[in-house]
Amino acid sequence: MTHIVFSDYRNPAAEQAYEIAWDFLDRTGAIRDEFEACVFLAQRITGMVEEGQTNRIRMANRAIFQYQHHVRERDHLIRSGGRRAGER
């Protein structure tokens, strides 16, 4: 698996948060599409930096949770033929 690097000059903790999240998701086998995972994590962590977050562990944990939720939702949509809950 190729490792994609992320950096945010505004907050060194952002790069560390990305590395922690990437490592965890990679080790658990959650990353199916590296580019998608990279973009997702980078966007979420960048958003947290813009909100003023500075704690790398909090950012990593939040990004991991959001990515796992995203994957579950995507998989559910695929299994349901593209219908969201409550749609016919």
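Colleague: Why is A21 called buried?
Modeller: A21 has a relative accessibility of 0%. The cut-off for buried is under 20%. The value falls below the cut-off, so A21 counts as buried. Bear in mind that this is a predicted model.

Colleague: Where does A21 sit, and which residues does A21 touch beyond four places in sequence?
Modeller: A21 belongs to helix 1. With neighbours up to four places away set aside, A21 contacts L41, A60, A63 and I64.

Colleague: How far apart are the C-alpha atoms of A21 and A60?
Modeller: They are separated by 5.0 Å. Along the chain, A21 and A60 are 39 residues apart.

Colleague: Let's step back. What elements does the chain hold, and in what order?
Modeller: There are 3 helices and 0 strands. Read from the N terminus, the order is α-α-α.

Colleague: What share of the chain is buried?
Modeller: Buried residues are 33% of the 88 residues. The accessible surface is about 5800 Å². Carbon and sulfur atoms account for 50% of that surface.

Colleague: What share of the contacts joins residues at least 24 apart?
Modeller: The share is 60%, counted among contacts between residues at least 6 apart in sequence.

Colleague: Now the helix pairs. What describes two packed helices?
Modeller: The angle between their axes and the distance between those axes.

Colleague: How do helix 1 and helix 3 pack?
Modeller: Their axes lie 8 Å apart, at an angle of about 45 degrees.

Colleague: Why is helix 1 called oblique to helix 3?
Modeller: Roughly parallel needs an angle under 35 degrees, and roughly perpendicular starts at 65. About 45 degrees falls between those limits, so helix 1 is oblique to helix 3. The crossing of this pair is right-handed.

Colleague: Which residues of helix 1 and helix 3 meet?
Modeller: Helix 1 brings A13, A14, Q16, A17, I20, A21, F24 and L25. Helix 3 brings R56, I57, M59, A60, A63, I64, Y67 and Q68. By class, these residues are 13 nonpolar, 2 polar and 1 charged.

Colleague: At what angle do helix 2 and helix 3 cross?
Modeller: Helix 2 covers residues 34-50 and helix 3 covers residues 56-79. Their axes come within 10 Å and cross at roughly 135 degrees.

Colleague: What makes helix 2 oblique to helix 3?
Modeller: The perpendicular range ends at 115 degrees, and roughly antiparallel means over 145. Roughly 135 degrees lies between the two, so helix 2 is oblique to helix 3. Helix 2 passes helix 3 in a right-handed crossing.

Colleague: Which residues make that contact of helix 2 with helix 3?
Modeller: From helix 2 come E36, A37, F40, L41, R44, I45, M48 and V49. From helix 3 come M59, R62, A63, Q66, Y67, H70 and R74.

Colleague: At what angle do helix 1 and helix 2 cross?
Modeller: Helix 1, residues 12-27, crosses helix 2 at roughly 145 degrees, and the axes come within 10 Å. That crossing is right-handed. Helix 1 contributes A14, A17, Y18, A21, W22 and L25 to the contact. Helix 2 contributes E34, A37, C38, L41, A42, I45 and V49. Of these residues, 12 are nonpolar, none is polar and 1 is charged.

Colleague: On to the loops. Why is Q53 called buried?
Modeller: Its relative accessibility is 19%. Buried means under 20%, so Q53 counts as buried. Q53 lies in the loop between helix 2 and helix 3. Beyond four places in sequence, Q53 touches N11, M48, R58, M59 and R62.

Colleague: How do you know whether R32 is buried or exposed?
Modeller: Compare the value with the limit. R32 has a relative accessible area of 56%. Exposed means over 50%, so R32 is exposed.

Colleague: Where is R32, and what does R32 contact?
Modeller: R32 is in the loop between helix 1 and helix 2. Leaving out neighbours within four places in sequence, R32 contacts Y67, V71, R74 and D75.

Definitions and conventions: Residues numbered from 1 in each chain as written. Predicted model: local features only at pLDDT ≥ 70, side-chain atom pairs only at ≥ 80, totals over all residues. Heavy atoms only, no water. Axes fitted to C-alpha atoms, helices over the stretch in contact; angles between N-to-C directions. Left-handed = near helix turned anticlockwise from the far one by under 90°. Contact = heavy atoms within 4.5 Å. Buried < 20%, exposed > 50% of the residue type's maximum accessible area, 1.4 Å probe, protein only. Areas by Shrake-Rupley, 256 points an atom, 1.4 Å probe, with all protein chains shown as cover. Nonpolar A, V, L, I, M, F, W, Y, C, P; charged D, E, K, R; others polar.
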